[in-house]
Amino acid sequence: MRAVIFDALNAPPTVREVPRPPTPPGGVLVEVHATGLCRSDWHAWAGHDEIALPHVPGHELAGVVAEVGAGVQRFAVGDRVTVPFVCGCGRCDWCRGGNAQVCPEQQQPGFTHWGSFAEYVALHAADTNLIALPDAVGFGAAAALGCRFATAYRGLAGRARVQPGEWVAVIGAGGVGLSAVMIGAALNARVVAVDRNPAALDYARTLGAERVLLAGLDADLPALVHEVTGGGAHVAVDAVGSEATCATALLSLRRRGRHVQIGLLPPVHGHPRVPLDRVIAWELDVLGSHGMAAADYPELLDLVARGVLDPSLLIARTVGLAEGARRLPLMEDSREAGITMIDPRG
Ligand SMILES: [Zn+2]
Ligand SMILES: [Zn+2]
């Protein structure tokens, strides 16, 4: 099969023929029809995760089941499917309790094994992790769900329990930040989006941000958010993952506000200094969101199928494997707005 592959960390990824991965027992081999390019892929390429080389990245995918491993009950060849980026083992207490997103034995395509920037990807514990796609949900929209959109949805709806009329401050308007903007607006919250890229803020506006704030060198962003929201946001999302954006989000909250940390903070950079004095004095809640278990997808897919949420609006461009390989190293500091989708068959 053709795949995007790199032989060393920080070395330019290339496209070449590699063997198809074997179908694992209890798992499936999926023919990939759409796979999103995400900053997490860049983290793996840059050496922030433990990966084996050579490596095929890619973890946000949708496609068609091409082979079924021994013991799979619920899926058959030809099924249209997607999968969360965290695949649970299906056996532990967390998985059986519906929280596969924190499974201690989790597998992640594109991290623990070869991922979906390829014609085929192997997925484990299919009965636990695969999600059948309704006909109304296309491959691109489904692939956009798998990581950033589902993480933002669970962060706002499940973890922060955003209420209608509340202010949600989204710090960073990349893929996950734009997802949070759309979801916040769909939950009837009032959204203020913050980014240093004017094009990303324009995009955020079209997705429902009521206010946008350009992050400049000398901007006091928490003060601006407090001004715009009349006293601070009820919920703030760090959709970037840096010491600075984490602090901006926390300090943008009003008293008793809820902070959702979605942007990754790889320990390789050291642990961020966080203004915990404010967390104590203002009784802020600090919440993590690590994707969403397959068991929780039906509610989200129903909103997509009914058109309440449309992740396909986040897809700014669809490219082939070679262009995906070229763009991967540029994800650290992309100035392009919206999600890049890869079609490996293109
Ligand atoms: Zn991702
Ligand atoms: Zn498990």
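Begin the tour by selecting the zinc ion (ligand 1): its 4 donor atoms subtend angles of 94 to 125°, which makes the arrangement tetrahedral (for four donors, all angles between 85 and 135 degrees). This is a predicted model, in which local features need pLDDT of at least 70 and side-chain atom pairs count only at pLDDT 80 or more, while totals for chains, interfaces and linings use all residues. Residues are numbered from 1 along each chain as its sequence is written, chains are lettered from A and ligands numbered from 1 in the order in which they are written, and side-chain values use heavy atoms, with hydrogens and water left out.

**First stop: zinc ion (ligand 1)**

Display the side chains of C38, H59, E60 and C147, which coordinate the zinc ion (ligand 1) through SG, NE2, OE and SG respectively, at 2.0 to 2.2 Å. Donors are N, O and S atoms within 2.8 Å of the metal (3.2 Å for Na, K and Ca); water is not among the atoms, so sites may look incomplete. Along the chain, the donors of this ion follow the spacing C-x20-H-E-x86-C. E60 lies in the loop between helix 1 (39-45) and strand 4 (61-68), and C147 in helix 4 (residues 139-159), so the pair ties together parts that are 87 residues apart in sequence. Helices (H or I, at least four residues) and strands (E, at least two) are DSSP runs, numbered from the N terminus. E60 is buried, with a relative accessible area of 0%, and C147 is also buried, at 7%; buried means under 20% relative accessible area (1.4 Å probe, protein chains only).

**Second stop: helix 4 and helix 10**

Next, select helix 4 together with helix 10 (residues 297-305). At what angle do helix 4 and helix 10 pack? The angle is about 100°, and their axes are 12 Å apart; axes are lines fitted to C-alpha atoms, for helices over the stretch in contact, and angles run from 0 to 180 degrees between N-to-C directions. The two helices are therefore roughly perpendicular to each other (65 to 115 degrees). Helix 4 contributes L145, G146, F149, A150 and Y153 to the contact, and helix 10 contributes Y297, E299, L300, L301, L303 and V304. Contact means heavy atoms within 4.5 Å.

Select I339 in strand 15 (residues 339-342). I339 is buried, at 1% relative accessibility. Leaving aside neighbours within four places in sequence, I339 is in contact with A144, R148, G175, L314, I315, A316 and R317.

C89 is buried at 12% relative accessibility, and C103 is buried at 1%.

**Last stop: helix 8**

Finally, select helix 8 (residues 243-251), where T245, C246, A247, T248, A249 and L250 are buried. Among the elements covering these residues are helix 7 (221-228), strand 11 (233-238) and strand 12 (253-261).

Note on methods: Four donors count as tetrahedral if all angles lie between 85 and 135 degrees; four count as square planar and six as octahedral if opposite donors are over 155 degrees apart and all others between 65 and 115; anything else is irregular. Buried means under 20% relative accessible area, exposed over 50%, partly exposed in between (1.4 Å probe, protein chains only). Angles under 35 degrees count as roughly parallel, over 145 as roughly antiparallel, 65 to 115 as roughly perpendicular and the rest as oblique.
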